[in-house]
Amino acid sequence: MQRMILRFQLCALVFAHLCAVTALGQQPTDQLAEARAFLASGQLAKSEAFLHTYLIDHPASADAHFLLGDVLFREQKAQASLAEFTAGAEVRRPKPDELKTVASDYVLLHDYSDADKWFSAVTVESPNDANAWYLLGRTKYNEELYNEAIPNFEHALLLRPRYIEAENNLGLSLRELNKLDEAKAAFQTAIDWQSGSPIDAQPYLNLGTLLTEQGDLEKAISSLLKAVTLAPNNPKTHEELANAYKAQNNFANAQSELERAVALAPDISALHYKLAEIYRKQGFKELARRDLLRGSC
């Protein structure tokens, strides 16, 4: 489940980045301005329709193919998006920000080897792009190449000091390499950088999870409560807080958090099994049986 959520987070990150850079790197031609306006306002269907019509009369327009590829990516149509980039590449090579979309299509397809290839190309062509180094590090993390992920996160931090996501993911990579003290320090640094106005729940979640595993439950619960406050709709924050409460034998609170997690992610069997166990420990046999059945569906 943790791996699935991390993959989802990576997809979410590339979506967020690409939404921010749509207008960068190239000036729209007058003919494509309307499609770009639709895209900028989130009207993806209208942008896609405009571009399909435009390409009927201008099939050799690389800009139109690449813009359509961007739209299709945002619609999570990765294969169709890649087809447009392939068509456009017959006219000209995609620019670095366009290659980010190519790489991100492969992230959606869980083809991390090809995503690695294209994010690496972006770092060569645009070496001062901190986000590209970060996304390459995330991709290598998903490839389980933790030793290779670390220098990418470190380089992103060199280019963009106090880059919270990069520091947090540096901690995740260190944790996978069993460098637990260094991992905790990285998570704490990512928390400290948010000072009095935290917005990113992930460092709190990751630090709390690690502290739970090490038996430092009071500090773990404090960190995980903050994660739940910042990301109340993330089932993982509730699940990990439940794990900490369970380790304290505080089954009532563990039950409450797992019930919230199940409500947010009813199709995740593991959550039903965990909730059934908590019900069983409290003698709620019928409730335990109910969630075991739900988990097996």
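The model is predicted, so local features need pLDDT of at least 70, side-chain atom pairs count only at pLDDT 80 or more, and totals for chains, interfaces and linings use all residues. Residues are numbered from 1 along each chain as its sequence is written, and side-chain values use heavy atoms, with hydrogens and water left out.

The secondary structure of the protein chain comes to 17 helices and 0 strands. Helices (H or I, at least four residues) and strands (E, at least two) are DSSP runs, numbered from the N terminus. The chain has 297 residues, of which 52% count as buried. Buried means under 20% relative accessible area, exposed means over 50%, and partly exposed lies in between (1.4 Å probe, protein chains only). The chain exposes about 13,900 Å². Carbon and sulfur atoms supply 53% of that area. Accessible areas come from the Shrake-Rupley method with a 1.4 Å probe; for residues, only the protein chains shown count as cover. Contacts were also sorted by separation in sequence, a contact being heavy atoms within 4.5 Å. Among contacts between residues at least 6 apart, 52% join residues at least 24 apart.

In soluble globular proteins, nonpolar side chains tend to be buried together. A nonpolar core is a set of buried Ala, Val, Leu, Ile, Met, Phe, Trp, Tyr and Cys residues joined through side-chain atoms within 4.5 Å. The largest such core has 65 residues. Trp-118, Phe-119, Tyr-134, Tyr-163 and Leu-271 have the most contacts inside it. Helix α8 (residues 130–142) gives this core its largest share, 7 residues. A second, separate core has 13 residues, including Leu-32, Ala-35, Leu-44 and Leu-72. Trp-118 is in contact with Arg-93, Leu-99, Val-102, Ala-103 and Tyr-106, leaving aside its neighbours within four places in sequence.

His-65 lies in helix α4 (residues 62–74). Its relative accessible area is 9%, so His-65 counts as buried. Leaving aside neighbours within four places in sequence, His-65 is in contact with Leu-55, Pro-59, Glu-84, Ala-87 and Gly-88.

The structure holds 18 salt bridges. A salt bridge is a side-chain nitrogen of Lys or Arg within 4 Å of a carboxyl oxygen of Asp or Glu. Lys-100 forms one with Asp-97, the closest N and O atoms being 4.0 Å apart. These two residues are 3 residues apart in helix α6 (residues 96–108), so about one helical turn separates them. Lys-100 is buried at 1% relative accessibility, whereas Asp-97 is partly exposed at 22%. Another bridge joins Glu-148 and Lys-140, with 3.1 Å between the closest N and O atoms. Glu-148 is partly exposed, at 39% relative accessible area. Lys-140 is buried, at 10%.

Lys-236 forms a salt bridge with Glu-240, and here the closest N and O atoms are 3.0 Å apart. Both residues lie in helix α14 (residues 235–247), 4 residues apart, about one turn of the helix. Lys-236 is buried at 6% relative accessibility, and Glu-240 is buried at 8%. A network of salt bridges links Lys-236, Glu-239, Glu-240 and Lys-274.

The structure holds 6 aromatic pairs. Rings of Phe, Tyr and Trp (its six-membered ring) pair if their centres lie within 6.5 Å; planes under 30 degrees apart count as stacked, over 60 as edge-to-face and the rest as tilted. Phe-66 and Phe-85 form a stacked pair, 5.4 Å centre to centre with 20° between the planes. Phe-66 lies in helix α4 and Phe-85 in helix α5 (residues 78–89), so the pair ties together parts that are 19 residues apart in sequence. Both Phe-66 and Phe-85 are buried.

Tyr-134 and Tyr-163 form a tilted pair, 5.3 Å centre to centre with 45° between the planes. This pair links distant parts of the chain, 29 residues apart. Tyr-134 is in helix α8, and Tyr-163 is in the loop between α9 (146–159) and α10 (164–176). Tyr-134 and Tyr-163 are both buried. Ring pairs link Tyr-134, Phe-153 and Tyr-163 into a cluster. The charged end of Arg-160 sits over the ring of Tyr-163, 4.1 Å from its centre. A charge sits over a ring if NZ of Lys or CZ of Arg is within 6 Å of the ring centre and within 35 degrees of the ring normal.
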